[in-house]
Amino acid sequence: MDELLRQVLPVFLVEVREQAQRIAAALLLMEREPSSIPSEIEELFRQAHSLKGSSASLGILELEALAHELETALTGVRRHQQPLTRELVDLGLRAVDAAQERAQGLGDESEAGLAKVVAITAELRALVERSPLPEQSQRSTEPARASRQSLPASELSGPLGESVAPPPDAEAPKPDPALLVDNPDIIRVPTARLLDFERRTDDLRTLHGRMERHAAELHHAGQALERLGRELRRLWPKAAVAAGALSAPDELRQVQRTLRALRHDVIVDLDLLLSTSTELSESLRAMRLVPAALLTQPLLRAVREACKQAEHEADLELVGDQVRVDRVLLEELRGPLLHLVRNAVDHGIEPSAVREAVGKPARGRIEVRLQQSGGRVVITVRDDGRGIDVAAVRRQAVARGLITEAAAETLEPREVHRLLLLPGFSTAAEVTTLSGRGVGLDVVHSVVQRLQGELQIESQLGQGAAFTLSVPMTIVAARVMLIEEQGGVYGVPQTAVERIVLASPKELTTVGKGLVYVADGEALPVARLSHVLGGRIVEWPRQLPLLILRHGETRVALGCERLEGESELVLQPLPAELLKNRLLSAVAMLPSGAALFVLSPAALAAATVEKSTVETRLAQRTVLVADDSITTRSLLRSVLEGGGYRVRTAADGEEALRLLRSESVDLVVSDVRMPRLDGYSLVSKLREDPRTARLPVVLFSGADSDDDRRRGVAAGADAYLTKGAFERGQLIDVVTGLLQGAA
Amino acid sequence: MAERDRLAILRERAEKLATLQAAVDDQVTEPLVGFEIGGHGFAVPVRHVVYGGRLRHLTAIPSSPPYLLGVTALSGHLVSIVDLPELLGLRQRGLGDVTAGLVVAHGARKLGLGAEQLLGIFEVPAARIKSYRNAGSITPRIVLPGGDGGGRSSLVIAVDELFADPRLGGGGGGG
């Protein structure tokens, strides 16, 4: 492939895709509404001309020939001399599919799609020859004009080596200006690159966070200088001051002024940085919003193909196609919506004869309605077919061993509908290429859940069914509630939070083996977030924030230690290695540079129901771990929680002291070398305070000399363990032994 | 020429050729980055490394297996940090601070390897690594400079196998 073609190819691929979609849309509309033919056929020819011209200019002769034959085949329709037959529409749709496939093959520098393009070009030619227009009965042997102006006559032939003549009234196709000439009005950017750009703007926010800290440090430095200045002025010889010489105190004052001015400038720049990066983010996000009308053509085609295969008749209507949706979200929803409309044709719409016998119109009706509701897009796929046979679903569920017969009888119809979402569930008597494998609805459901959405099913037997998907408008940014639990901060999508209450343990009641909180007359399962995340059961404090979460029809109450407020965050998808973790739905980068995990409402709801047990209230012994290393804190936490202890953590001795003043702790495990207050000093302070004089303390150090051990014991530690010889069992034995001794 | 003499000449020729080949093989080296964690030494080919240094922010992953230490940000992307001894089922020796790491890339994916200490880049004869691999071991061992005895036995990590490990989101065949 020559270098020019390689450079231009990405743009060409995009244009072929757009042209193919427009041609397909025109064909489908003309087939549905013959009155649209006069206007749509012109649009089709414009697109086909463009495709022919740009293919010719790039020397992609097979696509040029395909576009040419498509024009030829539709000329009769254009001139109102021939009807638009189903065969012609089918062939036209296959032609544009083949064009896209070939363009993709060119992008991969392979032969993919070439044979298909050649074959369909031949089919189009054969179709024309079977029903020629009067002036097409003899093919001209004159070489085609215009599109081949740049090629020598000997090369003017189609892909099969035959000379090809353009339709007599075809205009000279012009090379697409966007392809060959810089179009100053348009720049095409892949969605992936926009996404990448947006992530990079997050780096700006991280930078902002760091610079804020630098500004704070400047402020502290200024204050320290001021103190130093006061001291210096006090000590500076008065004679020197009287002599008027520029003194050290004066110079210091100048430095202070400079620092203050510098700090002020930094703050001004910070504000500008923040507002610029915010505007940039919002502009990038807005670029990604596209009208839902982009779904029209693929849905129409899906219904058309499904009707052909199932031998049913149905029309599709898309309502609310002007709703704007995140491009990424639209692509995610494409698959589920295609499946739902195919399902509607195969399972919902009855054969025409059956419909007429029950007084329905012969042609079924499928409506796809989009609307915006708050921060969500709500899409309903509704058909007027036979509806869901609840009795058949119950029977199938029992036959598959999913539920007992007795349980099946107690299920409400909406609960029976939910059985359809189970993997492999199908009531279809036979498997068709369309559906019946029971694969589709559970995949639809899992995609919707992954998008933090919900899927509702309604149906009336004999009247039809409706599937409603409700998803956040954008999966890129979301408002999340920030909650803290056991030293970690997590996000919960705000759309899942109904409200927040402050509850005490007395307000929690036991129903059977489950712990519940009564809200609005409904008993909601309750669990602590730490337990839901797989940690140990922890004691409930006197007042605890409870998040009342809703997911679909499930409501639960999730307890956490603290609420950190609400924030709008730009979300990133999880990397591959974290996708299996069902509790996580996305991740965001905070201005500090730390990551914040956004939890999945569906998984939280399910886990809360599972973990809401009476044991949640049982008390445990508490161990405080003080270490400036996050990995050490995490490791010791997991070891101690595994040993049945509740764990609190602190990043240094100061934080440990602060925590000990407000919470009850049974034992301390502390590192020795820590900033602000080291382990020896921490132990000394604890021994000086009557409240903590007897608190067992284990020093845990990297230093292993006899002197270090002696120093630890002298400070008041009850045990001294070394990191180099760390053994999990040893730590638990020491902690347990000390606690038993202290009891 | 007596058969015995002919065999002797052929043997001598074969030995010379083998020595020559070994000399050629030893001249082809592969640069590896060495690092330590949990009392174990590891090395990865430099060509896979996109970052090596201090880990700024390591955020713990809720409900995650012990071989995932946490996540950190690199150029706006999230990278998971792996505890190799934990992943490979090696007994951890001692407890250190995982404050550094190497980020390796395979295609569009990146993974971080937690480290207590980065040892540097070493040129190792490629044939020596291949010989261990050919012996059937997935994780060949080589000796890098360092350690108490003047050399540290290190596991050379096959990065493509690491990314293929299903526990790390791969399709399989790794681990």
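Visitor: What is buried area, and how is the size of an interface often given?

Guide: Buried area is the accessible area, taken with a 1.4 Å probe, that two parts lose on being put together, summed over both. The size of an interface is often given as that lost accessible area. In this predicted model, local features need pLDDT of at least 70 and side-chain atom pairs count only at pLDDT 80 or more, whereas totals for chains, interfaces and linings use all residues. Residues are numbered from 1 along each chain as its sequence is written, chains are lettered from A and ligands numbered from 1 in the order in which they are written, and side-chain values use heavy atoms, with hydrogens and water left out. Between chain B and chain A the buried area is about 2,600 Å², and carbon and sulfur atoms give 56% of that area.

Visitor: How many residues of each chain are in contact?

Guide: Contact means heavy atoms within 4.5 Å, and by that rule 33 residues of chain B touch 37 residues of chain A.

Visitor: Which side chains meet in a salt bridge?

Guide: A salt bridge is a side-chain nitrogen of Lys or Arg within 4 Å of a carboxyl oxygen of Asp or Glu. The count between chain B and chain A is one, and the side chains that meet are those of B:R109 and A:E577, at 3.0 Å from N to O.

Visitor: How are two packed helices described?

Guide: They are described by the angle between their axes and the distance between the axes. Axes are lines fitted to C-alpha atoms, for helices over the stretch in contact, and angles run from 0 to 180 degrees between N-to-C directions. Helices are DSSP runs (H or I, at least four residues), numbered from the N terminus. In chain A, helix α10 (residues 296-310) packs with helix α11 (residues 327-348) at about 30 degrees, their axes being 9 Å apart.

Notes. Helices (H or I, at least four residues) and strands (E, at least two) are DSSP runs, numbered from the N terminus.
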